[in-house]
Amino acid sequence: MSRARADEEEYWHSSKFRAFTFDDEDDELSQLKESKRAVNSLRDIVDDDDDDLERFSWSGEPVGSISWSIKETASSSTSSLEGRDSSLQKGSSSYVAALPKQVSSYSLSNLFKGEVPRLCFSVLALSDTGVKSYTPELRRPKAEYKDYSNDWSPKDTVRRMQRGKVCSLERFRSLQDKLVLLDEAVAGHDGNVITAVLIFLKRTLRREILFRELEVRQVALCHLIHFLKETGEQKMLLDLLRFLDRTEEVALSQYREHLNIQDVEKKREFLKGCIGLPFSAEDTSHIQDHYTLLERQIIIEANDRHLETAGQAEVFRKYPRKASILNMPLVTTLFYSCFYHYTEAEGTFSSPINLKKTFKIPDKQYVLTALAARAKLRAWDDVDALFTTKNWLGYTKKKAPIGFHRVVEVLQRNNAPVQVLQEYVRLVEDVETRLNLATKYKCHDVAIETYRDLKDRIQLTAYKCKVERGSADEEKINSILNNAVRNTRV
């Protein structure tokens with residue numbers, strides 16, 4: 001009897017499987033408790049709303065908590081040990097020790113490295129072979145679920161969305177709940193949240209109900225209109241504008257579709273159809289001008305392409321076209337016409353005068369555009385004729401509706417000769433502006449004559465340093481100063 005007891009004591013002390021004790025800090029139960037505390041400490045790292053998630057073992061069956069696993073392990077271990085054969089000898093300990101121990105590849109270090117999401121550990125009882133195995137329980141990955149909480153209020157949901165957390169809006173099924181959710185999103189002043197809620201309502205509500213509720217919620221309505229414009233949902237946008245009785249916006253939204261039409265003939269027909277839409281009087285005039293301009297551009301483009309290909313016009317040989325005139329703005333079309341068709345009769349579609357009268361181009365805009373085109377061609381006679389007018393007595397004088405100071409600037413940008421610049425600098429009425437332009441662009445004759453007329457001997461003497469020595473300008477200054485001295489003596 002004592003020998004059997006001694007063998008049993010030796011078995012327990014020699015085996016790597018130790019008996020269950022409450023004071024042994026190195027046993028496996030203590031390690032499991034430490035594992036439990038480590039896993040529970042992860043709850044501060046993970047979302048605090050995940051406590052109610054189901055956990056699954058490798059077999060796919062749900063299991064209990066860690067404490068349950070420990071109790072099950074303890075009971076299984078006890079029953080397994082009590083069923084052992086009482087004639088177990090000393091050599092059996094080596095037999096048990098020789099059995100391979102199945103250790104899971106998942107550990108707490110792997111968990112902290114992020115290799116296995118949301119692990120908790122349970123201990124299986126000893127198998128028939130007498131070997132313990134450790135099987136990790138896996139929670140569902142976060143990607144496999146969106147939200148398992150059903151008790152969040154609309155306010156809490158909006159607050160979570162503002163923090164960037166994933167939320168499911170499907171729980172809001174009644175119309176009242178959806179409208180409260182929308183009102184909370186608007187009250188939060190977060191455009192992204194408002195847009196997200198509107199997308200959910202657009203998907204789950206009938207259009208007439210959605211439009212009716214948005215009619216009294218102007219902030220959300222503006223967000224939806226902007227969203228529909230950005231995403232190109234033209235049909236729903238038009239339905240919404242018609243519901244709101246915004247006829248002009250409906251017409252403008254339809255007119256905007258011409259931007260997506262590439263073929264010029266189709267675009268011309270589309271613009272022709274837009275003329276009858278319910279625009280305001282001013283907008284109707286603009287649509288009519290757009291259609292007329294595109295029609296003119298098609299005619300001009302076809303004719304000029306033929307002339308350029310045939311080589312019949314010298315201006316196209318000397319200055320080849322760099323781009324097509326189609327779909328260009330009115331000012332660009334006028335510049336093109338002044339550059340290539342300046343001398344054509346008024347009856348032709350490509351005549352600058354015809355364009356001016358047809359589209360009611362103001363005199364200032366026409367003169368400035370024609371000046372830039374003719375100066376680029378260095379056609380100084382055309383520039384001179386552009387500003388020369390006759391009165392009823394037959395006298396001619398120069399007049400510029402844009403001001404001669406702007407004429408000088410345009411001519412200088414196009415590298416006009418000094419003689420041409422000086423002619424128009426003299427026509428600047430303001431004396432200070434004239435002197436500044438004359439000094440800036442080295443129009444010495446104009447500067448000298450202006451100082452002479454002002455009888456400003458000091459400034460004229462100072463200006464002498466700005467001209468070349470021995471030049472005609474220096475002699476002119478000396479002559480004026482000498483004549484002023486003689487006249488003073490007399």
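Leaving aside its neighbours within four places in sequence, which residues is Val407 in contact with?

Beyond its neighbours within four places in sequence, Val407 is in contact with Leu371, Phe387, Ala400, Ile402 and Tyr424, where contact means heavy atoms within 4.5 Å.

A nonpolar core is a set of buried Ala, Val, Leu, Ile, Met, Phe, Trp, Tyr and Cys residues joined through side-chain atoms within 4.5 Å, and buried means under 20% relative accessible area, exposed over 50% and partly exposed in between, with a 1.4 Å probe and protein chains only.

## The model and the chain

This is a predicted model, in which local features need pLDDT of at least 70 and side-chain atom pairs count only at pLDDT 80 or more, while totals for chains, interfaces and linings use all residues. Residues are numbered from 1 along each chain as its sequence is written, and side-chain values use heavy atoms, with hydrogens and water left out.

The chain has 25 helices and 5 strands, which are DSSP runs numbered from the N terminus (helices H or I, at least four residues; strands E, at least two). Of the 490 residues in the chain, 37% are buried. The accessible surface comes to about 30500 Å², and 51% of it belongs to carbon and sulfur atoms; such areas come from the Shrake-Rupley method with a 1.4 Å probe, and for residues only the protein chains shown count as cover.

In helix 16 (residues 330-340), the buried residues are Thr333, Leu334, Tyr336, Ser337, Cys338, Phe339 and Tyr340. Their cover includes helix 14 (281-310), helix 15 (314-318), helix 17 (352-358) and helix 18 (363-376).

Helix 23 (residues 444-454) holds Thr450, which counts as buried because its relative accessibility is 4%. A polar atom of the Thr450 side chain lies 2.7 Å from the backbone oxygen of Val446. Not counting residues up to four places away in sequence, Thr450 touches Val431, Arg434 and Leu435.

## Salt bridges

The structure holds 25 salt bridges, each being a side-chain nitrogen of Lys or Arg within 4 Å of a carboxyl oxygen of Asp or Glu. Asp156 and Arg159 form one of them, with their closest N and O atoms 3.0 Å apart, and both residues lie in helix 6 (residues 154-162), 3 residues apart, or about one turn of the helix. An α-helix has 3.6 residues a turn, so residues three or four places apart point the same way. Asp156 counts as partly exposed because its relative accessibility is 28%, and Arg159 is partly exposed at 37%.

Glu301 and Arg321 meet in another salt bridge, at 2.9 Å from N to O. This pair links distant parts of the chain, 20 residues apart, with Glu301 in helix 14 and Arg321 in the loop between helix 15 and helix 16. Both Glu301 and Arg321 are buried. Elsewhere, Asp183, Arg212, Glu213 and Arg217 are linked in a network of salt bridges.

Note on methods:
A polar contact is a pair of N or O atoms within 3.5 Å; within protein, one must be able to donate a hydrogen and the other to accept it, and residues adjacent in sequence count only if both atoms are side-chain atoms.
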